[in-house]
Amino acid sequence: MSKVVVFDHPLIQHKMTIIRDKATDTKTFRENVNEIGTLVTYEVTRDLQTKEIEIETPIAKTKSKILAKDVVIVPILRAGLGMVDGIQKVIPTAKVGHIGLYRNEETLMPHEYYAKFPKEIVNATVLVVDPMLATGGSVIAAIDRVKKAGAKDIRYVGIVGCPEGIEALQKSHPDVDIYMVSIDQGLNKIGYIVPGLGDCGDRLFGTK
Ligand code: PRP
Ligand code: URA
């Protein structure tokens, strides 16, 4: 069974309050989602493998460590895009794949409309990124798709989840560890997380 890691760092909690608040404007919301992306990346990548190489400082030859594997970020469009810049701030060499999914508002089933991945996805550590884990349908479908593209080492990075989504994701992909900031109470009748932060894509891009 995969592990679920919930971040309780005070800086992240502070930014969570800002993005949960419905009075927060689009610019501030986007900035804080990105900053949360940067902060969570430290923990998500804590156990990445390193390898030793020989380099020369201005003074002497020495051995020093670099990441052993590529990192590929796969945001789920649209809301996942909100965390990419923040993650790339600390992993600037990460390549980015994209997967476009939207939930059918009645059935809540995800519909794929776009997918493009870098070739490195096969051997990389892949971070599938979506701030919201509601029913889990979108993240499960995205992970199905990256596995089909050859990805083997996958982590899910989100912000707000709920027990229903976590259970569904663990059942479908027990090999994928889950990293998020908050496990909220659950889903309302129309599939929104309670208390959540509303429609993340709309709040990031000002479409509502
Ligand atoms: C939202 C969100 C997730 C999905 C979560 O996307 O960004 O991708 O819903 O719900 P689920 O866990 O029940 O699948 P949405 O379909 O609203 O598309 P958007 O990001 O383009 O607005
Ligand atoms: N998608 C969102 O953006 N918010 C939710 O609460 C659920 C799905």
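This is a predicted model: local features need pLDDT of at least 70, side-chain atom pairs count only at pLDDT 80 or more; totals for chains, interfaces and linings use all residues.
Residues are numbered from 1 along each chain as its sequence is written, chains are lettered from A and ligands numbered from 1 in the order in which they are written, and side-chain values use heavy atoms, with hydrogens and water left out.

The protein has 6 helices and 15 strands, where helices (H or I, at least four residues) and strands (E, at least two) are DSSP runs numbered from the N terminus. The radius of gyration of the protein is 17 Å, close to the 17 Å that the globule rule gives for 208 residues, so the protein is as compact as a globular protein of that length; this radius is taken over C-alpha atoms, and the rule is 2.2 Å times the number of residues to the power 0.38. Along its principal axes, the C-alpha trace spans about 65 × 35 × 30 Å.

Ligand 1 has 15 residues around it, of which Arg78, Arg103, Asp130, Thr135 and Ser138 come nearest; a residue is near a molecule if one of its heavy atoms lies within 4 Å of it. Strand E6 (98-103), strand E9 (132-133) and helix H4 (137-148) each supply at least two residues of this shell, and the largest share, 3 residues, comes from E6. By class, the shell around ligand 1 has 7 nonpolar, 4 polar and 4 charged residues, with Ala, Val, Leu, Ile, Met, Phe, Trp, Tyr, Cys and Pro counted as nonpolar, Asp, Glu, Lys and Arg as charged, and the others, Gly among them, as polar.

Which atoms of the protein meet the oxygen atoms of ligand 1? An N or O atom in the side chain of aspartate 130 is 2.4 Å from an oxygen atom of ligand 1, a polar side-chain atom of threonine 135 lies 2.5 Å from an oxygen atom of the ligand, and a polar backbone atom of alanine 79 is 3.3 Å from one. Taken alone, ligand 1 exposes 500 Å², and the protein buries 90% of that, the areas coming from the Shrake-Rupley method with a 1.4 Å probe.

Ligand 2 is surrounded by Arg103, Met132, Ala134, Gly191, Tyr192, Ile193, Gly198, Asp199 and Cys200, a shell that has 5 nonpolar, 2 polar and 2 charged residues. Taken alone, ligand 2 exposes 230 Å², of which the protein buries 89%.

Most residues other than glycine have a negative phi, and most peptide bonds are trans. A cis peptide bond joins leucine 77 and arginine 78, with omega about -5°, and arginine 78 lies in the loop between strand E4 (71-77) and helix H3 (81-90). A cis peptide bond also joins valine 194 and proline 195, with omega about 0°; proline 195 is found in the loop between strand E15 (193-194) and helix H6 (200-205). Leucine 108, although not a glycine, has a positive phi of about 65°, and its place is in the loop between E6 and strand E7 (110-116).

How values were computed
A polar contact is a pair of N or O atoms within 3.5 Å; within protein, one must be able to donate a hydrogen and the other to accept it, and residues adjacent in sequence count only if both atoms are side-chain atoms.
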